[in-house]
Amino acid sequence: MRDAGGYRARQARSAGPLHGRPWAAGAAAAEGEQSYEYGSAKYLLLCGLGGMLSCGLTHTAIVPLDLVKCRMQVDPGKYKGIVSGFGVTVRDDGLRGLARGWAPTLLGYSLQGLCKFGLYEVFKIQYAELLGPEKAYEWRTSLYLGASASAEFFADVALAPMEAVKVRMQTQPGFARTLRAAAPRMYGEEGLRAFYKGVAPLWMRQIPYTMMKFACFERTVEALYKYVVPKPQRQCTKAEQLAVTFVAGYIAGVFCAAVSHPADSVVSVLNKEKGSTTFGVLHRLGFAGVWKGLFARIVMIGTLTALQWFIYDSVKVYFKLPRPPVAQAPPSGKRQE
């Protein structure tokens, strides 16, 4: 959501460009709207909190679908599709088996969301200030891509250990049923390498995914307000703006799933098997193999991404954080057109 609120305090001190969003012309706040200064430490920490809630809660909620998707990737002979995969899982493990891996999922993706969304805001501010108002607007897609890639690099380091534990629990029969049992066993068998051997494939999967997630979302929001929503953004209610956020998030999620799915298949197999390597897994799976479970991932990631943006912007609404409007050309840029 990008509503026109939250810049009153900074504008009162400076008539210059808005900190971190120099192209956000006309971001005048209504009386009593702002609780935190845009770009301040408290603002960024609350953005991180929003990311933690959005990623941790949504990923945990879809653990059953994620479990079936991972098993389709590593054992396609047994788990032939989404519906049959659920049936096989319930038959073998009972209904409780569908929740296997929820604890590492909650912990790992909460840490990832903290870094992903919080650092995205940090890098977006820093890169925009380096570029200046006109270039930040003109190159805003590249800015979104660069800021999200930088944030995800660190977010994956935070995610990797719990992602490895989750996949091992979900895909290796009889390995462990709980985080308390799985993590010590992995450390005892392989040492720290067990938790970080998947970080490179995670970068392969998550960095393109996050670049698409943020850049596609930002530009889709622009397009929706420009071509679809029948009134200016500033006249939309909070509920209407959150609806735009959800739709833009789902559209971004579909593209995210397609871009990141081959690497996701590699991560699933790599974390299941001891001693496996990225290139070895790629060679064994082949072109067709890396696309197994794509439909399940599209359903999962589309819904996931939409809910994440919805929760993230809801947190901003709750804390009355400044949320600049959709990108607008700075005055100097408009004069040159």
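**View 1. The buried residues of helix H3 in the predicted model.** The buried residues of H3 (buried meaning under 20% relative accessible area, with a 1.4 Å probe and protein chains only) are Val63, Leu65, Asp66, Leu67, Val68, Lys69, Cys70, Arg71, Met72, Gln73 and Val74. Because 11 of the 12 residues of H3 are buried, this helix is largely enclosed by the rest of the structure. Helices are DSSP runs of H or I with at least four residues, numbered from the N terminus.

Residues are numbered from 1 along each chain as its sequence is written, and side-chain values use heavy atoms, with hydrogens and water left out.

**View 2. Leu53 in helix H2.** Leu53 lies in helix H2, and its relative accessibility of 34% is why Leu53 counts as partly exposed, the class between buried and exposed, where exposed means over 50%.

**View 3. Two segments annotated in UniProt.** An unreviewed UniProt entry places the feature "transmembrane region" at residues 242-263 and 294-312; such annotations may be inferred rather than shown by experiment. Residues 242-263 are 100% helix and 0% strand, with end C-alpha atoms 31 Å apart, while residues 294-312 are 100% helix and 0% strand, with end C-alpha atoms 26 Å apart. Strands are DSSP runs of E with at least two residues.

How values were computed: Predicted model: local features only at pLDDT ≥ 70, side-chain atom pairs only at ≥ 80, totals over all residues.
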